[in-house]
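Open the model in your viewer and keep the selection tool ready. We will go stop by stop, and each stop says what to pick and what is there.

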Amino acid sequence: MASLLFRQARVFDGESVHTDYDVLVVDGKIAQLGSAIEAPADAEIIEAHGKTLLPGLIDSHTHAKPPALEMALTFGVTTELDMFSDPAWMTEQRREAQTRNSMADVRSAMTGASVAGGYHSGLVGVFFDKQYPVLENAGEAEAFVAARVAEGADYFKLLIEDGTIVGHEAPRLSDEMVYALVAAAHAQGLMAVAHATTVELALLAIRAGVDGLMHVAGDRLMTDEEVAEVAQSGIFVVPTLSAMASAYGDKHGQHLAEDDRARPLLSDAWAENLCQCWHLTNPGSTANVIDATRRLYEAGVDVLAATDAVTVGVQPGTAHGVSMHGELELLVDCGLSPAAALRAATLLPAKRFGLDDRGRIAPGLQADLVLVDGDPTTDVRQTLSIEGVWRRGELAPRIAQADGAGNALAASAAEK
């Protein structure tokens, strides 16, 4: 592999901004950064003055059914953190991602913890080919977690959902199950993260000892005391603002589908999915989610960027890769500076999920990089002005997605 030298770039290294910096990549890793670096004889020189070099983006909440990881990489997402998928396809993707530089890397919770007839059961036959394992009682917690370890789970996911967000009651993990599962996950050395979309269920998860919340609840405004409790727990939060906005009837993804920087790379099915939202009857609002995210961030809680992208017809208003750019915009709407929003998509998820080889531009780290035109550290909308994406130092293909699979999924979802 030839060396790469990015010359005179604006470099956001995951923490700070450096002006007119050179970054040298050797054998797929960052070798050096600074001023006036001498180019090796075999180096490809990339003139980057007026452009910004970023660490590859990390989407902290997706459901990565093929070909999600190829689509993610097209838009500068070099790692996806999958939060519930079928091991039948996830195991192979994780294996491929170890050597293929034309797809994003992935970590996974494998099978999430839920109950029969629970929130995700409607996805059997749409997203999942068959019924996934579920729990019947708290006594099964240790065995359930052990089975996820056997699947190769990188962390453990609980779905604590009573159906409020979709407007009808659904069976959920009992309080006893939640406490038992978190304890079992920690005993197995796994971080425990929770889906909870009401304030009360989020507090249940925190009191049970979870390490992170994979949504920010929007059913009502949080009290100052509740915000303080979240902050004092030391957990991180993943607001999934794009997905939550869709759940509350807002078409935030539409402007991405109409953006000339994105539309040529989207299939018609994915572009249409971005232009949709849920039509639900629930007590929440996008404003509640934005308010909670802002106040949690101001209270010192680590906020991580994520989309909750799934497949066409399953999560309206989102698409793998491109929705991360909308998510960064929404984080800025929540009061984060553009640089803080970029940290939420690079440094912080790498730190919180133990990905020590990425999330920053520093010597010795993996050369997952995105070069964009302009300065997203002052205008975060510039992250979509992508000039190139590199995975382990290799330039990634940026190819428009085919329509076939997406349309088939949309039809299947419509029939359900």
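## Stop 1

Select aspartate 20, which sits in strand β2 (residues 17–26). Helices (H or I, at least four residues) and strands (E, at least two) are DSSP runs, numbered from the N terminus. This is a predicted model, in which local features need pLDDT of at least 70, side-chain atom pairs count only at pLDDT 80 or more, and totals for chains, interfaces and linings use all residues. Residues are numbered from 1 along each chain as its sequence is written, and side-chain values use heavy atoms, with hydrogens and water left out.

Aspartate 20 is not a glycine, yet its phi is positive, about 55°. Most residues other than glycine have a negative phi. Is aspartate 20 buried or exposed, or partly exposed? Its relative accessibility is 32%, so it counts as partly exposed. Buried means under 20% relative accessible area, exposed means over 50%, and partly exposed lies in between (1.4 Å probe, protein chains only).

Now pick phenylalanine 12, in strand β1 (residues 4–12). Phenylalanine 12 is buried, with a relative accessible area of 0%. Show its contacts (heavy atoms within 4.5 Å).

## Stop 2: a cis bond

Go to proline 67, in the loop between β6 (57–62) and α1 (68–74). Look at the peptide bond that joins proline 66 to proline 67. That bond is cis, with omega near 5°. Most peptide bonds are trans.

## Stop 3: helix α4

Select residues 175–187, which form helix α4. Helix α4 has 13 residues and reaches 19 Å from its first C-alpha to its last, close to the expected 18 Å. The expected span is 1.5 Å times one less than the number of residues.

Which residues of α4 are buried? They are Met177, Val178, Leu181, Val182, Ala184 and Ala185. Turn the view to look down the axis of α4. The buried residues fall within an arc of 165°, so they line one face of the helix. The arc is that of the directions from the helix axis to the C-beta atoms. On the face turned away from the buried side are the exposed residues Glu176 and Ala187.

Then step on to glycine 189, which follows α4 and has a positive phi, near 80°.

## Stop 4: the cavity

A cavity is a set of points on a 1 Å grid over the protein atoms alone where a 1.4 Å probe fits but cannot get out; a pocket is an open set with protein on both sides within 12 Å along at least five of seven lines; lining residues have an atom within 4 Å of a point. Grid points are joined across faces, edges and corners, and a volume is the space filled by probe spheres set on the points.

How many cavities of 30 Å³ or more does a search of the whole structure find? It finds one. The largest cavity has a volume of about 80 Å³. Select its lining: Val199, Ala202, Leu203, Leu213, His215, Val216, Ala217, Met222, Val230, Val237 and Leu296. Helix α5 gives the largest share, three residues. By class, ten lining residues are nonpolar, one is polar and none is charged. Here Ala, Val, Leu, Ile, Met, Phe, Trp, Tyr, Cys and Pro count as nonpolar, Asp, Glu, Lys and Arg as charged, and the others, Gly among them, as polar.

Asparagine 288, in helix α10 (residues 286–298), is in contact with Ala217, Gly218, Asp219, Arg220 and Leu221, leaving aside neighbours within four places in sequence. Asparagine 288 counts as buried, at 12% relative accessibility.

## Stop 5: the largest pocket

The largest pocket holds about 700 Å³ of space. Of its 33 lining residues, select those closest to its centre: Tyr119, Leu123, Val166, Trp278 and Val314. Helix α7 (residues 241–247) supplies the largest share of the lining, three residues. The lining has 18 nonpolar, twelve polar and three charged residues.

## Stop 6: helix α11

Start at aspartate 308, in the loop between β13 (302–303) and α11. Its phi is near 60°, a positive value in a residue other than glycine. Aspartate 308 counts as buried, at 7% relative accessibility.

Now select helix α11 (residues 322–333): its twelve residues reach 18 Å from first C-alpha to last, close to the 16 Å expected. Ten of the twelve are buried, so α11 is largely enclosed by the rest of the structure. Among them are Val322, His325, Glu327 and Leu331. End at glycine 335, which follows α11 and has a positive phi, near 105°.
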